[in-house]
Amino acid sequence: MSASFSPPPAALPSEHELVLKVIPMPGDCNANGDIFGGWVMAQVDLAGSVLPARYVQGRMATVAVNEFIFKQPVRVGDILSFFSHITRVGNTSVTVQVEVFAERFSDQGRYVKVTEATLTYVAIDANGRPRPLPKPQAPAQG
């Protein structure tokens, strides 16, 4: 893999929101010494749920990982920044794109996109069944 560096996450379009920052530790490594892909996937699922929670306003579940691309390895000590934005709001579900950038431990200030994913979350009721999303509130007039 070549190390093609992306522009800093600040250059992302304004609809992208920083939703999580985390530093992987040695206990998160796989047998190759890189960060275990499953650990990255779990962090992406957490980051992906932040924006849909604003729409769902209650319980929700991940119903689909529509796409997940590992572009570069993640290493111990990298500072990972997770940016997400909503791509679709349906009757019961919200789809979000998550982009993950690593600021390498040994190369602070430079960012490389390491992962991108698209996930769908569904609002669920007390029985775990899909439920309609709440209707957006009209702005207060004053």
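Valine 44 touches Phe68, Phe82, Val98, Val100, Thr115, Ala117, Leu119 and Tyr121, leaving aside residues up to four places away in sequence; a contact here means heavy atoms within 4.5 Å. This is a predicted model, so local features need pLDDT of at least 70 and side-chain atom pairs count only at pLDDT 80 or more, while totals for chains, interfaces and linings use all residues. Residues are numbered from 1 along each chain as its sequence is written, and side-chain values use heavy atoms, with hydrogens and water left out.

**The overall picture**
- The protein chain has one helix and five strands, where helices (H or I, at least four residues) and strands (E, at least two) are DSSP runs numbered from the N terminus.
- Going along the sequence, you get the pattern β-α-β-β-β-β.
- Of the 142 residues in the protein chain, 39% are buried; buried means under 20% relative accessible area, exposed over 50%, and partly exposed in between, with a 1.4 Å probe and protein chains only.
- Take the contacts between residues at least 6 apart in sequence: 70% of them join residues at least 24 apart.
- The accessible surface comes to about 8,000 Å², and 54% of that belongs to carbon and sulfur atoms; the areas come from the Shrake-Rupley method with a 1.4 Å probe, and for residues only the protein chains shown count as cover.

**The nonpolar core**
- The largest nonpolar core has 20 residues, and Val44 is one of those with the most contacts inside it, along with Leu80, Phe82, Val98, Val100, Val114 and Leu119.
- Helix H1 (37-56) and strands E3 (79-89), E4 (93-103) and E5 (111-123) each supply at least two residues of this core.
- By nonpolar core we mean a set of buried Ala, Val, Leu, Ile, Met, Phe, Trp, Tyr and Cys residues joined through side-chain atoms within 4.5 Å.

**Helix H1**
- H1 has 20 residues and reaches 28 Å from first C-alpha to last, close to the 28 Å expected at 1.5 Å a residue; the expected span is 1.5 Å times one less than the number of residues.
- There's a kink of about 40° at valine 50, shortly before proline 52; the bend is the angle between axes fitted to the seven residues ending there and the seven starting there.
- The buried residues of H1 include Trp39, Val40, Val44, Leu51 and Pro52, and its buried residues pack against E1 (17-22), E2 (60-70), E3, E4 and E5.

**Aromatic pairs**
- There are two aromatic pairs, counted when rings of Phe, Tyr and Trp (its six-membered ring) have centres within 6.5 Å; planes under 30 degrees apart are stacked, over 60 edge-to-face, and the rest tilted.
- Phenylalanine 68 and phenylalanine 70 form a tilted pair, 4.9 Å centre to centre with 45° between the planes.
- Phenylalanine 83 and phenylalanine 101 form an edge-to-face pair, 6.0 Å centre to centre with 85° between the planes.

**Two loop residues**
- Valine 74 sits in the loop between E2 and E3 and counts as buried because its relative accessibility is 5%.
- Valine 74 touches Pro24, Asp34, Ile35, Val40, Leu80, Arg104 and Val114, again not counting residues up to four places away in sequence.
- Glutamine 57 lies in the loop between H1 and E2, and counts as exposed because its relative accessibility is 55%.
- Phi of glutamine 57 is near 50°, a positive value in a residue other than glycine.
- Most residues other than glycine have a negative phi.
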